[in-house]
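User: I am new to reading protein models, and I would like to go through this one step by step. Could we begin with charged side chains and then turn to helix packing?

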Amino acid sequence: MSGSVTQRQIARTVLAERGIARLAELRNAGVTAATVSRMERDGEVIRLARGLYQLPDAELAANHSLAEVAKRVPKAVICLVSALAFHGLTDQLPRHVWLAIGRKDWAPKPDGTPIRIVRFTESLLNEGIETHTVEGVPIKIFGVAKTVADCFRYRNKIGLSVAIEGLQEALRQRRAAPSEIAVQADRGGVGTVIRPYLEALTANG
């Protein structure tokens, strides 16, 4: 029984340090799957999704869903409306987390927080990435200029009005220079699409 108690202590320590932990991480720390299962049954841990756990009294950040998804799909990058919301550039509350992955990357199965997958070419996937920490979990997310340009690229998926709102807010809050947005738009093949909006919004400034 003492071994089980020790494992539970280890599990609590790992979860307290990392906020959210995968079962594989707990196993690497010396905690068996059976112990984690008993802890879940006893209410000592919460199962967020398959193989993903958190302490029941953990403080949840506003971007908790991003941390959960980043832990599930560490190679993916938060994008589009989810990135706009993270950067404070939209009033939209995404019903799911928008994730960018490579053309040939494995797409995660539905489990836990709802996600929407968008496939990017390798060059566009690996550019303009920032890393932020939410609930102890590092999350990869596209920066402001890249996010705005991507929203125009995928305007048919998210709606042109959302893309325009993101552009307006990025400029109003001075979160990105018009030239930075234009460069990212050109790289994404939407330079001619975004240019009229950029010109109209910067005409008086």
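User: How many salt bridges does the count come to?

Analyst: This is a predicted model, in which local features need pLDDT of at least 70 and side-chain atom pairs count only at pLDDT 80 or more, while totals for chains, interfaces and linings use all residues. Residues are numbered from 1 along each chain as its sequence is written, and side-chain values use heavy atoms, with hydrogens and water left out. A salt bridge here is a side-chain nitrogen of Lys or Arg within 4 Å of a carboxyl oxygen of Asp or Glu. By this rule, the number of salt bridges is twelve.

User: Which residue forms a salt bridge with Glu25, and is Glu25 buried or exposed?

Analyst: The closest N and O atoms of the pair Glu25 and Arg18 are 2.9 Å apart. For accessibility, buried means under 20% relative accessible area, exposed over 50%, and partly exposed in between, using a 1.4 Å probe and protein chains only. Arg18, at 33%, is therefore partly exposed. The partner of Glu25 is thus Arg18, and Glu25 itself, with a relative accessible area of 18%, is buried.

User: What separates Lys146 and Asp150 along helix α7?

Analyst: The side chains of Lys146 and Asp150 meet in a salt bridge, with 2.8 Å from N to O, and both residues are buried. Helices are DSSP runs of H or I with at least four residues, and strands are runs of E with at least two, numbered from the N terminus. Because Lys146 and Asp150 lie four residues apart in helix α7 (residues 144–153), their separation is about one helical turn.

User: How are helices α9 and α11 oriented to each other?

Analyst: Axes are lines fitted to C-alpha atoms, for helices over the stretch in contact, and angles run from 0 to 180 degrees between N-to-C directions. Helix α9 (residues 160–172) and helix α11 (residues 191–202) pack at about 40 degrees, their axes being 11 Å apart. Angles under 35 degrees count as roughly parallel, over 145 as roughly antiparallel, 65 to 115 as roughly perpendicular and the rest as oblique. The two helices, α9 and α11, are therefore oblique.

User: Which residues of α11 make the contact with α9?

Analyst: Contact means heavy atoms within 4.5 Å. On the α9 side, the contact is made by Leu160, Ile164, Leu167, Gln168 and Leu171. On the α11 side, the residues are Ile194, Tyr197, Leu198, Leu201 and Thr202.
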